[in-house]
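Welcome, and please take a moment with the fold before reading on. We will walk through a helix, the nonpolar cores and a pocket.

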Amino acid sequence: MPTKIRAAITGVHGWLPETKLTNLDLEKMVETSDEWIVSRTGIKERRILKTPNWATSDMAAEAVKGLLEKTGHKPGEIDLLIVATVTADMVFPDTANTVCDKIGAKNAFGFDINAACSGFLYALSTGAQFVQNETYKKVVVVGADMMSSIIDYTDRNTCVIFGDGAAAVLLEPRKDGTGIQDFILRGDGSGRELLHMKAGGSLKPASLETVMAREHYAWQDGKRVFVHAVKGMTGTCEEVMRRNHLTIDDVQWVVPHQANMRIITSVAEHMNCPMEKVMLNIDKYGNTTAATLPLCLWDYESKLKKGDNIILTAFGGGFTWGAVYLKWAY
Ligand code: COA
């Protein structure tokens, strides 16, 4: 009987804005077509946050409130809350503390992790350390992004891809062998040239010129990011499986970052993974950056069984990438 304490996901909950931005809507905004978007990305629609004065923290707060209700916890029980995001409410302070304030998590401390589309993997692995080493018993990890706040809706290279959303998981200690088994996180800062927001940071503070030059939006060299994403996700999935003596037959689910359907199928092909084992919701939500992985877990929650071997993988700006291997706990 295993006795090692592991951090297990004991609940997941998501929140999405009601407003849908469909491919047909985008056809009216930029030179594109439903056919192009579906065949090149797999995306049919994405959600856009339109509620006045709402931001990333509000989507995150709704996801966490739902999570607490569902798992029967009070806000005061949370020890630590981590928000993975690239669209913090403000440059400072962090969004996590704002979320704690909005949900009344008075005993928690929080911080943000900015690892772009890999943010949830980084935050999950970080949060798990506090549980595994018995520092804390209730850690909430949120992936939340309001990508519509940094997307240029005149740039067809990016505006068709991204959407808004948030989802949260609760991490608790488990001694039954379930929970996070292993993870591999990687980074390569030289990739910043290919995927970034040019202005608004200390390198190039906001000015009239940066606004006029449309430099406060996400920018990418999509083709080159694509190649790195397939290589990075496949490599870390294979490595984490190899060192845990898993073949693809031992894995019940692969949860890939929902960046592009062609990236996902390519990763699955390299891993010899049948698509029935691959979680997908890119058609409905597009790329919600840090939220894609927990949103997938939330969408597929009813299909998961205790003990299922699950590999989560992502690639994003930084560059950042990695894979997490966990055994589902309920
Ligand atoms: N509608 C119609 N045409 C479009 C378009 C759109 N929305 N966006 C780009 N195009 C055009 C390009 O301008 C280009 O035209 P040109 O040949 O006249 O220059 C043509 O389509 C092909 O563009 P290309 O960039 O080669 O397309 P692609 O097949 O690589 O697909 C992405 C573009 C962005 C969908 C793809 O590269 C991708 O998903 N990359 C990964 C990006 C990503 O996931 N980033 C998030 C972080 S993980």
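Which residue just after H3 takes a positive phi? In this predicted model, Gly 72 does so, with a phi of about 70 degrees.

Helix H3 itself covers residues 56–71, 16 residues in total. From first C-alpha to last, H3 reaches 23 Å, close to the 22 Å expected at 1.5 Å a residue.

Now to the nonpolar cores. The largest has 35 residues, and those with the most contacts inside it are Leu 124, Leu 171, Leu 297, Leu 312 and Leu 326. Helix H5 (residues 119–132) gives the most to this core, namely 7 residues. Domain 1 (6–180) and domain 2 (181–278 + 292–327) each contribute at least three residues to this core. Beyond its neighbours within four places in sequence, Leu 297 is in contact with Ile 9, Val 12, Val 255, Met 279, Leu 304, Leu 312 and Trp 328. A second, separate core of 28 residues includes Val 225, Val 240, Val 267 and Val 278.

Finally, the largest pocket holds about 1100 Å³ of space. Its lining has 40 residues, with Val 86, Asn 114, Ile 150, His 196 and Met 197 nearest its centre. Strand S9 supplies the largest share of this lining, 3 residues.

Methods:
Residues are numbered from 1 along each chain as its sequence is written. This is a predicted model: local features need pLDDT of at least 70, side-chain atom pairs count only at pLDDT 80 or more; totals for chains, interfaces and linings use all residues. Side-chain values use heavy atoms; hydrogens and water are left out. Helices (H or I, at least four residues) and strands (E, at least two) are DSSP runs, numbered from the N terminus. The expected span of a helix is 1.5 Å times one less than its number of residues. A nonpolar core is a set of buried Ala, Val, Leu, Ile, Met, Phe, Trp, Tyr and Cys residues joined through side-chain atoms within 4.5 Å. Buried means under 20% relative accessible area, exposed over 50%, partly exposed in between (1.4 Å probe, protein chains only). Domain bounds come from an automatic or database domain assignment. Contact means heavy atoms within 4.5 Å. On a 1 Å grid over the protein atoms alone, a cavity is a set of points where a 1.4 Å probe fits but cannot get out, and a pocket is an open set with protein on both sides within 12 Å along at least five of seven lines; lining residues have an atom within 4 Å of a point. Grid points are joined across faces, edges and corners, and a volume is the space filled by probe spheres set on the points.
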